[in-house]
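Here is a friendly walk through one model, written for a reader who likes to check each contact on screen. Please keep the viewer open as you read.

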Amino acid sequence: MLEGNHVTRISVRGVAVASATAVTAVGAVVGVASGSEAPHVSTVDVAGATLLADVPTGANTQVVTDNFVRQANAQQVSADAAAKKAAEEAARQKAAADAQAKSDADKAAKAADDKRKADEEAANRAKARSALVADTPPPVSVSPGSVQALAASIVGDSTQFQCFSQIVKRESGWDYTATNSGSGAYGLVQALPGSKMASVGSDWRTNPATQIKWGLGYMNDRYGSPCGAWSFWQAHSWY
């Protein structure tokens with residue numbers, strides 16, 4: 001019903017009931033006029049139907065659609081960000097695992113290489129010792145007194161011999177086989193290494209004369225004379 005410009009909200013149920021009533025009335029009139037029995041009319045219950053005024057139309061429909069689109073876009077952006085973050089984390093973990101595996105492999109390779117080198121050095125030292133033992137002639141049987149006499153004859157000058165003797169007495173006690181267990185120095189004059197004396201003779205391990213000649217040459221070359229070497233020795237306890 002219209003009252004001025006006020007429009008009453010009409011439900012779908014109301015429209016349907018009104019329409020069904022009108023149809024029923026018309027059918028009854030027609031049936032009476034024709035003399036036939038009025039037909040049974042069923043009405044459809046549309047209770048609880050949505051109000052026509054509640055159905056969005058026009059601009060409202062567009063607003064609802066836009067809201068749905070924005071929500072869907074926001075959810076997609078969030079899902080994409082989560083997927084990207086997960087992929088980046090997986091890549092980071094894989095890179096870290098690869099780096100650790102490479103580091104472990106490098107360490108294992110270095111350890112294996114170090115062991116190989118150590119084994120080779122040990123084998124070479126063993127071989128050198130074996131060769132040294134095989135090449136060493138039997139020692140010459142001499143007494144300390146005879147070694148000193150031999151040194152005196154080689155040095156010549158009695159004063160220089162006294163200086164030479166002071167050094168030898170403190171370095172080896174006139175033992176031509178004396179070996180320093182710490183440094184490896186060898187012989188009367190404790191040459192370091194003992195193999196230096198091979199420049200005078202291959203029998204440097206067992207021949208006192210070879211050691212005396214090398215020692216005298218060393219003192220002359222480095223200190224000018226045995227007495228020069230003895231002066232240095234007194235100040236430093238080595239020469």
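## The disulfide

A disulfide is taken here as a pair of cysteine sulfur atoms within 2.5 Å. The model is a predicted one, and it holds one disulfide. The bond joins Cys-163 to Cys-227, with a sulfur-to-sulfur distance of 2.2 Å. Because the torsion about the S-S bond of Cys-163 and Cys-227 is about 85 degrees, the disulfide is right-handed. This pair links distant parts of the chain: Cys-163 sits in helix 4 and Cys-227 in helix 6 (residues 226-236), 64 residues apart.

Are the two cysteines buried or exposed? Cys-163 has a relative accessibility of 10%, so it counts as buried. Cys-227 is buried as well, with a relative accessible area of 17%.

## The chain as a whole

Stepping back, the chain has six helices and zero strands, which reads along the sequence as α-α-α-α-α-α. Of its 239 residues, 18% are buried. The accessible surface of the chain comes to about 16,300 Å², and carbon and sulfur atoms account for 59% of that area.

What share of the contacts between residues at least 6 apart in sequence join residues at least 24 apart? In this chain the figure is 48%.

## Helix 4 and what follows

Helix 4 covers residues 158-171, which makes 14 residues. From its first C-alpha to its last, helix 4 reaches 20 Å, close to the 20 Å expected at 1.5 Å a residue. At its start, a side-chain oxygen of Asp-157 comes to within 3.0 Å of the backbone nitrogen of Thr-159. The buried residues of helix 4 are Phe-161, Cys-163, Phe-164, Ser-165, Ile-167 and Val-168.

Just after helix 4, Gly-173 takes a positive phi of about 65 degrees. Ser-172 belongs to the loop between helix 4 and helix 5. With 12% relative accessibility, Ser-172 counts as buried. Leaving aside residues up to four places away in sequence, Ser-172 touches Ala-178, Gly-187, Leu-188 and Gln-190.

Helix 5 spans residues 208-223. Asn-207 caps the N-terminal end of helix 5, with a side-chain oxygen 3.0 Å from the backbone nitrogen of Ala-209. After the helix comes Gly-224, whose phi is positive, near 95 degrees. Buried residues in helix 5 include Pro-208, Ala-209, Trp-214, Leu-216, Met-219 and Tyr-223.

Ile-212 also lies in helix 5. Its relative accessible area is 0%, so Ile-212 is buried. Not counting residues up to four places away in sequence, Ile-212 touches Val-147, Leu-150, Ala-151, Ile-154, Phe-164 and Leu-188. The C-alpha atoms of Ile-212 and Ala-152 are separated by 9.6 Å, and these residues are 60 apart along the chain.

## Aromatic pairs

The structure holds nine aromatic pairs. In one of them, the rings of Phe-164 and Trp-174 have centres 6.5 Å apart and planes at 50 degrees, so the pair is tilted. It links distant parts of the chain, with Phe-164 in helix 4 and Trp-174 in the loop between helix 4 and helix 5, 10 residues apart. Phe-164 counts as buried at 0% relative accessibility, and Trp-174 counts as buried at 6%.

Tyr-218 and Tyr-239 form another pair, which is edge-to-face: 5.5 Å centre to centre, with 75 degrees between the planes. Here Tyr-218 is in helix 5 and Tyr-239 in the segment after helix 6, 21 residues apart. Tyr-218 counts as partly exposed at 22% relative accessibility, whereas Tyr-239 is buried, with a relative accessible area of 11%. Both tyrosines belong to a cluster in which ring pairs link Trp-214, Tyr-218, Tyr-223, Phe-232, Trp-238 and Tyr-239.

Key
Residues are numbered from 1 along each chain as its sequence is written. This is a predicted model: local features need pLDDT of at least 70, side-chain atom pairs count only at pLDDT 80 or more; totals for chains, interfaces and linings use all residues. Side-chain values use heavy atoms; hydrogens and water are left out. Helices (H or I, at least four residues) and strands (E, at least two) are DSSP runs, numbered from the N terminus. The expected span of a helix is 1.5 Å times one less than its number of residues. Buried means under 20% relative accessible area, exposed over 50%, partly exposed in between (1.4 Å probe, protein chains only). A polar contact is a pair of N or O atoms within 3.5 Å; within protein, one must be able to donate a hydrogen and the other to accept it, and residues adjacent in sequence count only if both atoms are side-chain atoms. Contact means heavy atoms within 4.5 Å. Accessible areas come from the Shrake-Rupley method with a 1.4 Å probe; for residues, only the protein chains shown count as cover. Rings of Phe, Tyr and Trp (its six-membered ring) pair if their centres lie within 6.5 Å; planes under 30 degrees apart count as stacked, over 60 as edge-to-face and the rest as tilted.
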